[in-house]
Amino acid sequence: MATPKRSYDQQHQQVKNSGMISNMQSPRRDEREEEMSRSVLAMFKSKEEEIERRKLEVRDKVHAHLGRVEKETQRLAEIRQEIEGFTDPMRKDVAMVRKKIDMVNKELKPLGQTCQKKEREYNEALEAFNEKNKEKAQLVTKLVELVTESERIRMKKLEDLSKNIDTLH
């Protein structure tokens, strides 16, 4: 799984690479672009932290709920044993409550599985996102190289043309 720190580093490198293209532009524009990049990165990082925080909250709630249900199940089992020792008119009520507990336990199992499935999906989506960011950074680097090479070739052609014009006069 890619960490938010790695994602931030990749985006920071991407911003540096895109800054190489705009070096020929005004410093004020560079500062604005850098500030915009920082704010976008900060927003992305805060959203990632929020998602992670919410995921942990949901997991904690589910685990807490499971713990309570298990304790209550144990308590009810103890009560059932005591009740079986007596001939009690509440036997039917106890059986009904036991059935309800079993139904709740059956409902909890798919909820836990759904939680785990959502976690896996989130991790896969985050990994795909980070891969695409990496690919984008590589493409930006390639673009910078191509633009630099193109400018170099054009400058060379301009110099050759200038020499040809000078020799004609």
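User: Let's start with Arg 152. Buried, partly exposed or exposed?
Analyst: Keep in mind that this is a predicted model. Arg 152 has a relative accessible area of 47%, so that residue is partly exposed.

User: OK, and which side chain does Arg 152 meet in a salt bridge?
Analyst: That would be Glu 149, with an N to O distance of 2.4 Å. Both residues sit in helix 3, three residues apart, or about one turn of the helix. Glu 149 is partly exposed too, because its relative accessibility is 35%.

User: How many salt bridges does the structure hold?
Analyst: Nine. Among them is one between Glu 50 and Arg 53, at 2.5 Å from N to O.

User: How are Glu 50 and Arg 53 placed in helix 2?
Analyst: They are three residues apart there, so about one helical turn separates them. Glu 50 comes out as partly exposed at 26% relative accessible area, and Arg 53 is partly exposed at 38%.

User: Which residues are linked with Glu 50 and Arg 53 in a network?
Analyst: Arg 54 and Glu 57: salt bridges link these four residues in a network.

User: What about Lys 55, what does its side chain meet?
Analyst: Glu 52, in a salt bridge with 3.4 Å between N and O.

User: Is Lys 55 buried or exposed?
Analyst: Buried: Lys 55 has a relative accessible area of 15%, and the cut-off for buried is under 20%.

User: Switching topic. How many aromatic pairs turn up in the whole structure?
Analyst: One. It's Phe 44 with Phe 129, and the pair counts as stacked because the ring centres are 5.0 Å apart and the planes are at 25°.

User: Where do Phe 44 and Phe 129 lie in the chain?
Analyst: Phe 44 is in helix 2 (residues 27-85) and Phe 129 is in helix 3, so to speak distant parts of the chain, 85 residues apart. Phe 129 is partly exposed, with 34% relative accessibility.

User: Last one: which residues form the negative surface patch?
Analyst: Glu 121, Glu 124, Glu 127 and Glu 131. Glu 121 belongs to helix 3, which covers residues 91-168, and Glu 121 is partly exposed at 36% relative accessible area.

Terms used: Residues are numbered from 1 along each chain as its sequence is written. This is a predicted model: local features need pLDDT of at least 70, side-chain atom pairs count only at pLDDT 80 or more; totals for chains, interfaces and linings use all residues. Side-chain values use heavy atoms; hydrogens and water are left out. Patches are made of residues with over 30% relative accessible area and no salt bridge: like charges are joined within 9 Å, nonpolar side chains (Val, Leu, Ile, Met, Phe, Trp, Tyr) within 5 Å. Accessible areas come from the Shrake-Rupley method with a 1.4 Å probe; for residues, only the protein chains shown count as cover. Lys and Arg count as positive and Asp and Glu as negative; His and the chain ends are not counted. The place of a charge is taken as NZ of Lys, CZ of Arg, CG of Asp or CD of Glu. Helices (H or I, at least four residues) and strands (E, at least two) are DSSP runs, numbered from the N terminus. Buried means under 20% relative accessible area, exposed over 50%, partly exposed in between (1.4 Å probe, protein chains only). Rings of Phe, Tyr and Trp (its six-membered ring) pair if their centres lie within 6.5 Å; planes under 30 degrees apart count as stacked, over 60 as edge-to-face and the rest as tilted.
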